[in-house]
Amino acid sequence: MTLLQVENLRVTFPTRQGPSEVVRGVSFTLGRERLGIVGESGSGKSQTGRAILGLTPPPGRATADRLAFDGIDLNRATPRQWRALRGIRMSMVMQDPKFSLNPVMTIGRQLTEAARRTASRGEAKGRAMAMLEAVQIRDPSRVFGAYPHELSGGMGQRAMIAMMLIAEPDLLIADEPTSALDVTVQIEVLRILDRLVQDRGMGLVFISHDLRLVGSFCDRVLVMYAGRVVEELRAAELAQARHPYTQGLLNCLPRIEGGRRPLPVLERDARWAL
């Protein structure tokens, strides 16, 4: 079953030199599965995720020939329809919690506010506490009453993940969700995401720089370069990638065995951006 359809997605920002297209003709479909999007910084991964949720910051403009979620035409969605979708059926874990969490509200208030959209007032706090425990926060009561500036980067990231998962959405776009987490917490968060995909049929778009993580966790992979998808393949076949850009990214990964001198450098071809 297709949950999300994206055809010819483009995101453009005005500049002094004229319009700059940062996402160029991205197309893909997503079922009840884990789709990884990889690429360098500036390749358009995050802007693709934001555009799907209608969160392209002004004065940017996102257009698509088709953008549909579970049969709903998002190109024609009204503000009321977006409010009914975002935070309930569609969520996004932003890359940096410092800019995503409300600095003047406690973590608990933000979590219960998100939970209240699908639960009663009495259930909301219990669900919030349970979600904080699920993302491996050792003292959930303290974090529940804390403000974002009182938390470390990794703790803030976990609070953000808890907030986005508390409504158990049908579609989650996770932008570098484990980048600020240590390995043990990263595994637990990935386990939560995997359970939502396997048990509830959630669709997951997993944006990351970590090719090894994407290759082991996701079902399919999109490789982006200069705003375009240059290769799409199954995650299990990532090591057999054919595009020279994907091969270059894989070749730059550190290896434990043997010395590598000189260190490999990714050599770009201008034709990849065409």
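**Aromatic rings and backbone features in a predicted model**

In this predicted model, ring pairs join Tyr 225, Tyr 245 and Trp 272 into a cluster.

Reader: How many aromatic pairs does a search of the whole structure find?

Author: Rings of Phe, Tyr and Trp pair if their centres lie within 6.5 Å. Over the whole structure, the number of aromatic pairs found is 4.

Reader: Is the pair of Tyr 225 and Tyr 245 stacked, edge-to-face or tilted?

Author: A pair of aromatic rings is described by the distance of the centres and the angle of the planes. Planes under 30 degrees apart count as stacked and those over 60 as edge-to-face. The centres of Tyr 225 and Tyr 245 are 4.7 Å apart and their planes stand at 55 degrees, so the pair is tilted.

Reader: Which parts of the chain does this pair of Tyr 225 and Tyr 245 link?

Author: Tyr 225 and Tyr 245 are 20 residues apart, and their pair links distant parts of the chain. Both residues are buried. Tyr 225 belongs to strand β10 (residues 220-225), and Tyr 245 to helix α9 (residues 244-251).

Reader: Is Asn 8 buried, partly exposed or exposed?

Author: Asn 8 is found in strand β1 (residues 4-15) and has a positive phi of about 55 degrees, although it is not a glycine. Buried means under 20% relative accessible area, and exposed means over 50%. Because its relative accessibility is 24%, Asn 8 counts as partly exposed.

Reader: Is the peptide bond from Pro 58 to Pro 59 cis or trans?

Author: Pro 59 lies in the loop between α1 (45-52) and β4 (61-63). With omega near 10 degrees, the peptide bond from Pro 58 to Pro 59 is cis.

How values were computed:
Residues numbered from 1 in each chain as written. Predicted model: local features only at pLDDT ≥ 70, side-chain atom pairs only at ≥ 80, totals over all residues. Heavy atoms only, no water. Helix = DSSP H or I, 4+ residues; strand = E, 2+ residues; numbered from the N terminus. Buried < 20%, exposed > 50% of the residue type's maximum accessible area, 1.4 Å probe, protein only. Phe/Tyr/Trp six-rings, centres within 6.5 Å; stacked < 30°, edge-to-face > 60°.
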